[in-house]
Amino acid sequence: VEREERLATPWARSFRFRAPWLLLNLLTVFVDAAVVGAFQDAIDRLVVLALFLPVVAGQSGNLGAQALAVTLRAMTLGEVRQIHVARLLSKEAWLGALNGCVTGALAALTMYVVATQQGEGDPLRLAAVTVVAMAVSCALSGVIGALVPLLLKRAGADPATASAILLSTATDVISMGGFLALATWWAL
């Protein structure tokens with residue numbers, strides 16, 4: 001009996017491999033929704049925040065997915081044994097922060113324009129919140145993207161099947177929660 005799904009695995013067996021993880025995903029998206037719901041008052045006061053939730057979450061999620069893909073490839077090729085985990089995580093944090101600053105600066109400029117047009121809040125503070133939230137969430141997402149498959153492998157789970165679900169939850173909670181918390185603390 002195979003422990004992991006393959007391309008030739010019959011659909012019924014593939015369903016049994018995938019369904020538990022997708023059910024876990026359903027539960028975790030409710031966690032994401034609860035995080036956003038905790039900041040309902042802030043979103044009601046500054047609707048522009050809701051417009052940028054998918055921007056922050058999407059960027060950090062994609063960055064985490066890149067780190068995840070590189071780590072999974074390294075695991076498959078046996079390269080993980082050749083590098084210290086701390087070095088891998090610090091590299092992914094640094095790459096995430098750099099990419100978060102670049103994309104965050106562009107998103108911040110967009111936030112400034114949109115907030116100015118809508119007359120909501122202090123556009124300069126909202127732009128600053130956007131760039132900081134993007135840099136931090138992307139740095140953390142890079143670390144999580146590299147760490148999740150390593151931890152799943154150590155726990156005996158299939159990192160290829162389960163990593164994306166855990167990564168998406170973590171990046172959504174960190175990015176949206178961080179963005180909304182920072183906006184609540186500094187821009188409201």
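Q: So which residues of the largest nonpolar core touch the most other members?
A: Bear in mind that this is a predicted model. The core has 25 residues, and Val48, Leu49, Leu53, Met111, Leu126, Phe179 and Leu180 touch the most other members.

Q: Which helices supply at least two residues each?
A: Helix 2 (40-45), helix 3 (48-77), helix 4 (85-118), helix 5 (123-155) and helix 6 (159-186). Helix 3 gives the most, six residues.

Q: And what does valine 48 touch, not counting residues up to four places away in sequence?
A: Met111, Val114, Ala115, Gln118, Glu120 and Leu126. There's also a second, separate core of seven residues, with Val148, Ala162, Leu167 and Ala170 among them.

Q: Switching topic: serine 137, buried or exposed?
A: Serine 137 sits in helix 5, and it counts as buried because its relative accessibility is 2%.

Q: What does its side chain reach?
A: The backbone oxygen of alanine 133, at 2.8 Å. Setting aside neighbours within four places in sequence, serine 137 also contacts Val56, Ser60, Ile174 and Ser175.

Q: Now helix 1 and helix 6: at roughly what angle do the axes cross?
A: Roughly 5°, and the axes of helix 1 (residues 11-37) and helix 6 come within 9 Å. So helix 1 is roughly parallel to helix 6.

Q: What's in that contact, by class?
A: Between helix 1 and helix 6 there are 13 nonpolar, six polar and two charged residues. The helix 1 side includes Phe17, Trp21 and Asp32, while helix 6 brings residues including Ile165, Asp172 and Leu180.

Conventions
Residues are numbered from 1 along each chain as its sequence is written. This is a predicted model: local features need pLDDT of at least 70, side-chain atom pairs count only at pLDDT 80 or more; totals for chains, interfaces and linings use all residues. Side-chain values use heavy atoms; hydrogens and water are left out. A nonpolar core is a set of buried Ala, Val, Leu, Ile, Met, Phe, Trp, Tyr and Cys residues joined through side-chain atoms within 4.5 Å. Buried means under 20% relative accessible area, exposed over 50%, partly exposed in between (1.4 Å probe, protein chains only). Helices (H or I, at least four residues) and strands (E, at least two) are DSSP runs, numbered from the N terminus. Contact means heavy atoms within 4.5 Å. A polar contact is a pair of N or O atoms within 3.5 Å; within protein, one must be able to donate a hydrogen and the other to accept it, and residues adjacent in sequence count only if both atoms are side-chain atoms. Axes are lines fitted to C-alpha atoms, for helices over the stretch in contact, and angles run from 0 to 180 degrees between N-to-C directions. Angles under 35 degrees count as roughly parallel, over 145 as roughly antiparallel, 65 to 115 as roughly perpendicular and the rest as oblique. Ala, Val, Leu, Ile, Met, Phe, Trp, Tyr, Cys and Pro count as nonpolar, Asp, Glu, Lys and Arg as charged, and the others, Gly among them, as polar.
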